[in-house]
Each structure stands twice: as C-alpha cells, then as structure tokens.
Amino acid sequence: MGRMKRKKSFRLKLLSSLAVAFLLAFAGFFAFVSSPYKAQSWAEENLQTDTQVLVDEDKKNILFEPATGATHIGFIFYQGGKVVPGAYAPLAKKLASNGYTVIIPKLPFNLAILSPDRADKVIRNHPEIDTWIIGGHSLGGVTASDYALRHEKIKGLVLLASYPQAETDLSEREIQTLSLYGGNDQVADLTKVKAAKTQLPSSARFIEIDGGNHGGFGDYGHQKGDGEATITNEQQIEETAKYIMELIEGL
C-alpha cells in the first residue's frame with residue numbers, strides 16, 4: 001500500500017514539474033515574440049501606393065505590384081526573426097518599381113520557421129507569374145533555403161545575412177543564388193555565411209556590402225548586438241536591390 005502511494009506521489013510530482021516547465025517555456029516564448037522589431041518611418045512611407053507601385057496589404061500578405069510594365073517574375077520574401085514584414089517595404093518597393101512583383105507573407109509571430117511552406121499559397125494565388133524567386137533575411141533566409149531545396153518551381157534564391165541549415169544541400173540544384181551580407185554585421189555568423197559556399201551551387205554569388213550591417217536590409221531600427229553601419233540604410237538597400245535585379249536578369 002505504501003509503495004503504491006509513493007508511486008502515485010512520484011507521478012503527481014513529475015506531472016507537476018512538467019506542467020511548470022511547459023508554462024515557463026510558453027511564458028518565455030511569448031515574452032520573446034511579443035516585442036518585435038517594428039517598421040520605422042521610411043518603411044511606413046514605402047507601404048503606400050504611388051504612381052509606380054501598387055501596395056496591397058491584407059491579413060496574410062503585403063503585395064508590391066508594378067503599376068505598369070509588370071513582368072511574369074515574382075519574388076517571395078521571408079522576414080527576419082521577430083521583424084515585422086512591413087520593415088522590408090523599401091527593398092520590396094524598389095524591386096517592384098523595376099517591374100517585379102514582390103510578396104512578403106505575414107508569418108506567425110514574425111518567425112518564418114513556424115510556417116515554412118507559406119510560399120505555396122502565394123504561388124497558388126498568382127497564376128499569372130511563371131518564374132519564382134524566394135529569399136529571406138537572417139532566419140527567413142534559412143527557411144527560404146529549405147523551401148527552395150524542396151520545390152523545383154523556384155528558380156532563384158536570395159540570402160540576406162543568412163545561410164542554409166546544415167542538412168540543406170543545394171549544391172546540385174540548378175538555381176541562381178545570391179548571398180549578401182554587411183561587412184559590419186555582428187548578428188549573423190559571417191564565418192558560416194561564407195562557409196555556405198559548399199552547400200550552394202558553384203555559380204552562387206557571395207557579395208559583401210562594405211559598411212553595411214545586419215539590420216540595414218530592412219528599416220526597423222538598431223538590432224540588439226549589431227555592429228554600427230558606416231553607410232546609410234538607403235545605400236545598403238539600394239545596393240541590395242541592384243544585386244537582386246542582376247540575379248533576376250540572369251534567369
């Protein structure tokens with residue numbers, strides 16, 4: 001009888017401990033995601049429609065569409081971890097003003113890893129586009145790499161301060177690839193960014209933006225732990241757009 005009571009008491013303590021651990025983990029996760037990096041004034045300005053680009057934002061996506069002269073090329077962009085999607089509006093609008101449709105999905109808790117296949121819905125909803133590129137910033141780039149590996153429809157991959165996870169090997173894929181990183185980035189592990197050459201096609205371009213940093217690919221303020229940029233946010237995004245358009249033109 002005493003042994004049964006001890007077993008029951010042990011099980012209750014174990015269940016209680018697990019419940020507490022779960023609650024603490026949930027609370028920690030909620031605290032982590034409840035303070036995202038928000039779009040700053042320049043990004044907010046670029047979320048408005050103008051004569052060159054139509055901007056349509058709903059609960060699922062932000063769409064940047066050329067007002068005239070749209071090509072049949074689309075670019076799906078996964079945001080960096082804890083960064084709101086609108087923070088990348090300056091880059092998206094720059095690309096759209098040059099004829100390319102850009103879609104930034106709104107991902108759960110601003111974390112691409114929680115919805116890695118959201119690009120499926122984007123592609124289904126845009127049958128007018130026949131050539132797709134996917135890209136992402138930081139953690140978003142990790143998820144974009146995995147998606148590109150699993151979907152032959154993707155013809156181009158853009159990594160901003162990012163690299164594929166260890167098991168993602170794109171070295172045998174015929175996919176145009178671009179890896180950009182800021183020289184003053186102190187958030188991404190630049191050693192791993194550069195070492196990703198072995199996981200990407202031999203034709204992949206690796207380009208350092210001199211003076212750029214991690215947060216400079218969007219407009220969301222200073223990211224904790226990042227290095228100070230010695231070029232303006234506008235300069236970094238202008239260079240980024242230029243290299244992405246070179247990739248697109250090479251498809």
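Q: Does Arg 205 count as buried, exposed or partly exposed?
A: Buried means under 20% relative accessible area, exposed means over 50%, and partly exposed is what falls in between (1.4 Å probe, protein chains only). Arg 205 has 36% relative accessibility, so this residue counts as partly exposed. This is a predicted model, in which local features need pLDDT of at least 70 and side-chain atom pairs count only at pLDDT 80 or more, while totals for chains, interfaces and linings use all residues. Residues are numbered from 1 along each chain as its sequence is written, and side-chain values use heavy atoms, with hydrogens and water left out.

Q: With which residue does Arg 205 form a salt bridge?
A: A salt bridge is a side-chain nitrogen of Lys or Arg within 4 Å of a carboxyl oxygen of Asp or Glu. The partner of Arg 205 is Glu 246, and the closest N and O atoms are 2.8 Å apart. Arg 205 lies in strand S8 and Glu 246 in helix H7, so the pair ties together parts that are 41 residues apart in sequence. Helices (H or I, at least four residues) and strands (E, at least two) are DSSP runs, numbered from the N terminus. Glu 246 is partly exposed, at a relative accessible area of 33%.

Q: How many salt bridges does the count come to?
A: The count is seven. One of them joins the side chains of Arg 150 and Asp 146 at 3.0 Å, N to O. Both residues lie in helix H5 (residues 139-150), four residues apart, about one turn of the helix. Asp 146 is buried at 19%, whereas Arg 150 is partly exposed at 41%. Asp 117, Asp 146 and Arg 150 are linked in a network of salt bridges.

Q: How is a pair of aromatic rings described?
A: The description uses the distance of the centres and the angle of the planes. Rings of Phe, Tyr and Trp (its six-membered ring) pair if their centres lie within 6.5 Å; planes under 30 degrees apart count as stacked, over 60 as edge-to-face and the rest as tilted. The structure holds four aromatic pairs. Among them is the tilted pair of Tyr 37 and Tyr 220, at 5.4 Å centre to centre and 55 degrees between the planes. These two tyrosines are 183 residues apart, and their pair links distant parts of the chain.

Q: Which residues form one aromatic cluster?
A: The cluster consists of Tyr 37, Phe 75, Phe 77, Tyr 88 and Tyr 220. Of these, Tyr 220 is buried, at 3% relative accessibility. Phe 75 and Phe 77 have ring centres 6.0 Å apart and planes at 65 degrees, so their pair is edge-to-face. Phe 75 and Phe 77 are both buried.
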